[in-house]
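Morning, everyone. Please put the model up on the screen. I'll start with a term, then walk through the sheets and the interface.

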Amino acid sequence: MSFVFFEGEDSALTANDGATITGLDLGTVFCGETKEVSFRIGNKGTSATNFQITVAGVNTSIVSDVEVYDPGYLSWRSESTISGIIPNGVTDRIKVRITPTEGSVIAAGTFLINVSEV
Amino acid sequence: MATIGSQITNTLIDSNVYDGRALITHRTGSLQCLRRPNGELWAVLVRPGGWITQFISRDQGFSWIRTDADPSTTTQLNNVNTFFTNGPHVNLVISEDYERVQYIFPDNNTTVIQGVSIPLDDFDNLTDFTTTNFTVVNTGAGAAKEQYFRIASNETNTYIWYILTSNDRPTFKRISPRDNQLSAATSVVTSPVARTLGLCVNKNSQVDVLWDILVSSTHRIRHLRYDEASNTATSEHEIIDLGASGAVIGVDLDIGFDSYGTLCATYTAVNTTSQQTTLYYAISTDSGTTWTNTALTRGDGNSAYVDIIKNQGAGRNTVIGSSSGGFIIGYTEKFHGVPKAYVRRITTDDGITYTLGDQKMVATHLPSTTSVVGPRFFHPINSALMDLDDPGLVRIAYQIGEGEADDQSDAHPIDIGQELLYLTAYPTALDSENGSYTNDTGSSTSLLVDVNILGAGNDNIDYYAAGKTGNQTTRYKNAFNRIGTSIRLLKYEPNSTSFMDDRTAYGAATEYEALCIFQPESYGFPNPQLSGEDQLTYIEQDIRKLYLPPDFFLSREFITNSGGYVKRTVWLCQFGGNEYELSQVVPHFISNQICYYEANAYVVGPSRDPFSRLILPSET
């Protein structure tokens, strides 16, 4: 693993500068409404890397309500690919949003944003 | 998911009824509660004086319009005038196609089973129309006929099955709501039967009949299907032999069908010596040829229900079928010595295998010492079925209190209540957790995201406490602290045990102070009411906007108090020597963060009493 996570608001210019995180808190969201959160990926590797972002988790009903903004498609999708991040470089903000469907289980839960190098 | 609006539409149909048999007929069923396709709820009762009273709700049970047959004149609708020991067994039929309403009931005074047909179009009352009357049969004096006939209807006919004595062959007549013409009497059951009938009819005019019969010294429940098209009947099918040398009889027979055509019969076996009861349901997936009986396992604390007037065991069984397969049965048992009404789902995925669900008590909001008897479903009209996949959407009526006299002269009144089953039996969470999620475990290649999913945004939620906050919230809060005016607010909680509809239905005020922004006065002088000829009246017109800080939540609850009135928490604010009622509160958000609440403030005066006015659920 040769990448790190930053908050979307982190203004780090290089992968070495930012404050790394392991999780995000989306806070509260109402059924039928949309809430967005963002993060950045810093490339700690030695070569330019493409990152694939997918959504996963044990709570399948939550996962199905989450989308990632894919700049390549200019649309919200279930996965996204960020290409050509140079060594020590940092991606732009990667936006993730959740829109719980009406009738969702009302409770606190989690989901995972998985990142892999492709 | 049901909305919060429907949660509060569970007001009493009628209160202070001096008739312990108002909704139920002892040891048999009747068809008194219907729901029209347009959502109207109809419930018919008989007043202790003997006249029919029709209750209609056009707002999903929120309010009930009552209309009485004129008790001062002699009409058929005012001829239910002999006291019944088992209940004034009135049945309601609505025909949308032919725009008719039929009331069918026994009249022990003239010893007939009779009916009245009146127009449905623009139904407004029970007096201003011309009735069409028909006599089904002369029953002769003697036995309590209310136990001996049942009706069922489909889109074309109303079927009236009856037995005239306790050892007679069941006979039926049918009447079309189109022309109110009765058919000739037909009897297709070959054996004399003992008592009580259960009845349903599908849209193909196939009538399924249940009865109790004494054969070889034991009572049996039997079934037969009559087919109108071919004018033939199947042979008799035995559902169960109750055994016990005739000491056990079958009562409270009811039958229904679901979208698979499966039949569900429900009944109570009563030991006539000990009055002990066993409640059953039976399923038939082959049009009644074979049956599978299941005795309901008695829950902890449950015991047999014994009718307090007759001192006879009973179950008050009833059943409703689903348009998506399955049934819900209703019945009455005692819980720690107090009669309570229960429901149970019978679910299926394939129309072949049926699974009994858990027992659920209804009307649990009432005190544990209050009797609740005789659950009666609001059936769709005629042979229509409703979708029971969400059992919470089923509406049920029940009697609160048992009464104590068999001649409709009770010393203590009972109430007729009703509710959607999701109020207590099958609740759906509206604004709080209704389940749980499993937590994921993060890794070095993943971000773990926490999220808290709340209910729908229109629920009555304290957004600040729920965490819908952020920088915008802080800014608005600071702004209120800097420029807000100190306002005194009074909160009045409704008292659930009150019988009143005025200020006395509320407790003492709880006082709050908040820094709010109050809109300057928006009027000069009260406007004169120019349309009044006799006197000049004025309309209070002091209506302003009040802006409340984001952390001041006007928590409100709706309740139905003991008097049957829907009451909402009242918020008043005091400003400039006046009191204002705060209503129509709207939360304002920026970036999903609560910023402030906007409320309309109405000056309180003789024409606007916040404690007695009816507040609809749509008024936020």
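Two strands pair if DSSP finds at least two bridges between them. Strands themselves are DSSP runs of E, at least two residues long, and helices are runs of H or I of at least four; both are numbered from the N terminus.

Now a case in chain B. Thr266(B) sits opposite Tyr281(B), a residue of E20(B). The two strands here are E19 (residues 263-271) and E20 (residues 277-284) of chain B, and they pair antiparallel over eight bridges.

A word on the ground rules. This is a predicted model: local features need pLDDT of at least 70, side-chain atom pairs count only at pLDDT 80 or more, and totals for chains, interfaces and linings use all residues. Residues are numbered from 1 along each chain as its sequence is written, chains are lettered from A and ligands numbered from 1 in the order written, and side-chain values use heavy atoms, leaving out hydrogens and water.

Back to the sheet. Its order is E18-E19-E20-E21 in chain B: four strands, open, antiparallel. Which strands are at the edges? Strand E18 (248-257) and strand E21 (292-295) of chain B, each pairing on one side only. On average, neighbouring strands are turned by 20° against each other, direction ignored. For that angle, axes are lines fitted to C-alpha atoms, for helices over the stretch in contact, and angles run from 0 to 180 degrees between N-to-C directions.

Next sheet. Chain B also has an open, antiparallel sheet of four strands ordered E1-E32-E31-E29. Strands E1 (14-17) and E29 (372-377) of chain B are its edges. E29(B) and E31 (residues 395-400) of chain B run antiparallel, joined by four bridges. Within that pair, Val372(B) faces Ile400(B).

Now the interface. How many residues of chain A are in contact with chain B? The count is 39, against 34 residues of chain B (contact means heavy atoms within 4.5 Å). Together the chains bury about 3400 Å², 59% of it on carbon and sulfur atoms. Buried area is the accessible area (1.4 Å probe) that two parts lose on being put together, summed over both. Thr28(A), Phe30(A) and Ile106(A) supply 23% of the area chain A buries against chain B, more than any other three residues.

The rule finds zero between chain A and chain B (a side-chain nitrogen of Lys or Arg within 4 Å of a carboxyl oxygen of Asp or Glu).
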